[in-house]
Amino acid sequence: MRSIWNGAISFGLVSIPIKLVNATESHAVSFRQIHTEDGGRIRYRKVCELEEREVTQGEIGKAYEDADGTMIPITDEDLASLPIPTARTIEIEGFVPAEKVDPLQVDAAYYLAPNGVPAAKPYTLLREALKRSGKVAICKFALRGRERLGMLRVVDDVLAMHGLLWPDEIRTTEGVAPDADVTVRDKELDLADALMETLGEVDLTELHDDYREAVEELIAAKASGEEPPTAPAPDTGGKVLDLMAALENSVRAAKESRGEDVAEVTPMRTPKEPAGKKSTATAKKSAPSAASAKKSTAKSSQGARSAQGAKKTTAKKSTPAKSTAKKSATAKSATARSTAKKTPAKKTTPRKRPA
């Protein structure tokens, strides 16, 4: 592996020459930008805006842009001569238990290799001291133009260094947690614990990037002129809104996938309504029928009254409605009288108000 940085670890008065190499690598599939009309490659060219010409990498340097737009050139020699001890040294500040380091701070990982034969003895001394103490070393180092925080630990027989974010680079959790006040029942926690135990531990070495494999299959199919693989149809099943049911189903599915016997789980059911409520609802449903009967009776009586003339009908409508029995009797008697002899409607004489 090619080293990306040469320096030394400062361990008190002990100096350990080391080489820094990347401990990780990316296997992601990279793409190029193209012109969609003709497939031509899109390239970015580095052009000097003053001379309006493309420049080579050897002609490019660094500069800091001031607030007024002024460019202040900064050379590699300027950075190398900074009066800080971490310019070419990994300075160990102290030792802490590994669990005291917040995983949110962990950044890129590097391996530290001893640089030369004289470095082997102090390198091994620091490695064995970290192993026996069960602690990690917190250090500071300068890389790519800035000072960084780091953590040294032992991986197999190698010293590894993790870059750490500075504490002020970690955002607070304010405003991230749910706003609603949610209460979790003990039975829900029991099911969650059962699901965690059923899923068990995972072997990280068996995990792989399914997305990358799918992209590689897509590229291979297109390159050979075959039909690209299609994604499976999404699950159109209804969403489980009951958390208890979702947990019970998850435990059952996890056990089935492992070939374990699935114990019968009694699902949580919504309590049924009391019988009194059902009879009340039935009574409410039957109420409109009675109202319809009243409306039919009223309509029949109004038809009988309309045969006696418009004036009598108007007078009857302005009178408040009486009971259904009285209306029916009045309608029958009115029909009988109109059959025997038509009687003219009486005129209502308005009362005289006293002066």
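First, some ground rules. This is a predicted model, where local features need pLDDT of at least 70, side-chain atom pairs count only at pLDDT 80 or more, and totals for chains, interfaces and linings use all residues. Residues are numbered from 1 along each chain as its sequence is written, and side-chain values use heavy atoms, with hydrogens and water left out.

**Stop 1: the core.** Select Ile9, Ile18, Ile90, Leu112, Leu126, Leu152 and Met161: these have the most contacts inside the largest nonpolar core, which has 20 residues. (A nonpolar core is a set of buried Ala, Val, Leu, Ile, Met, Phe, Trp, Tyr and Cys residues joined through side-chain atoms within 4.5 Å.) Elements supplying at least two residues each include β1 (5-11), β9 (135-143) and α2 (120-133). The largest share, four residues, comes from β9. Helices (H or I, at least four residues) and strands (E, at least two) are DSSP runs, numbered from the N terminus.

Now center on Leu152. Among the residues it touches, leaving aside those up to four places away in sequence, are Ile9, Leu112, Leu126 and Met161. Contact here means heavy atoms within 4.5 Å.

**Stop 2: Thr198.** Go to helix α3 (residues 186-199), where Thr198 lies. Buried or exposed? Thr198 counts as buried, at 9% relative accessibility; the cut-offs are under 20% relative accessible area for buried, over 50% for exposed, and partly exposed in between (1.4 Å probe, protein chains only). Its side chain reaches the backbone oxygen of Ala194 at 2.7 Å. Show Val251, Ala254, Lys255 and Arg258 too: Thr198 touches them, not counting residues up to four places away in sequence.

**Stop 3: charged pairs.** Side chains of opposite charge can pair when their charged atoms come close. The whole structure holds 10 salt bridges, each a side-chain nitrogen of Lys or Arg within 4 Å of a carboxyl oxygen of Asp or Glu.

- Pick Lys62 and Asp76, whose closest N and O atoms are 2.7 Å apart in a salt bridge. Lys62 is in strand β5 (residues 62-65) and Asp76 in helix α1 (residues 76-80), so this pair ties together parts 14 residues apart in sequence.
- Next, Arg212 and Glu216 form a salt bridge at 3.3 Å between closest N and O atoms. They sit four residues apart in helix α4 (residues 210-223), so about one helical turn separates them.
- Last, select Arg127, Glu128, Lys131 and Asp157, which are linked in a network of salt bridges.

Technical notes. A polar contact is a pair of N or O atoms within 3.5 Å; within protein, one must be able to donate a hydrogen and the other to accept it, and residues adjacent in sequence count only if both atoms are side-chain atoms.
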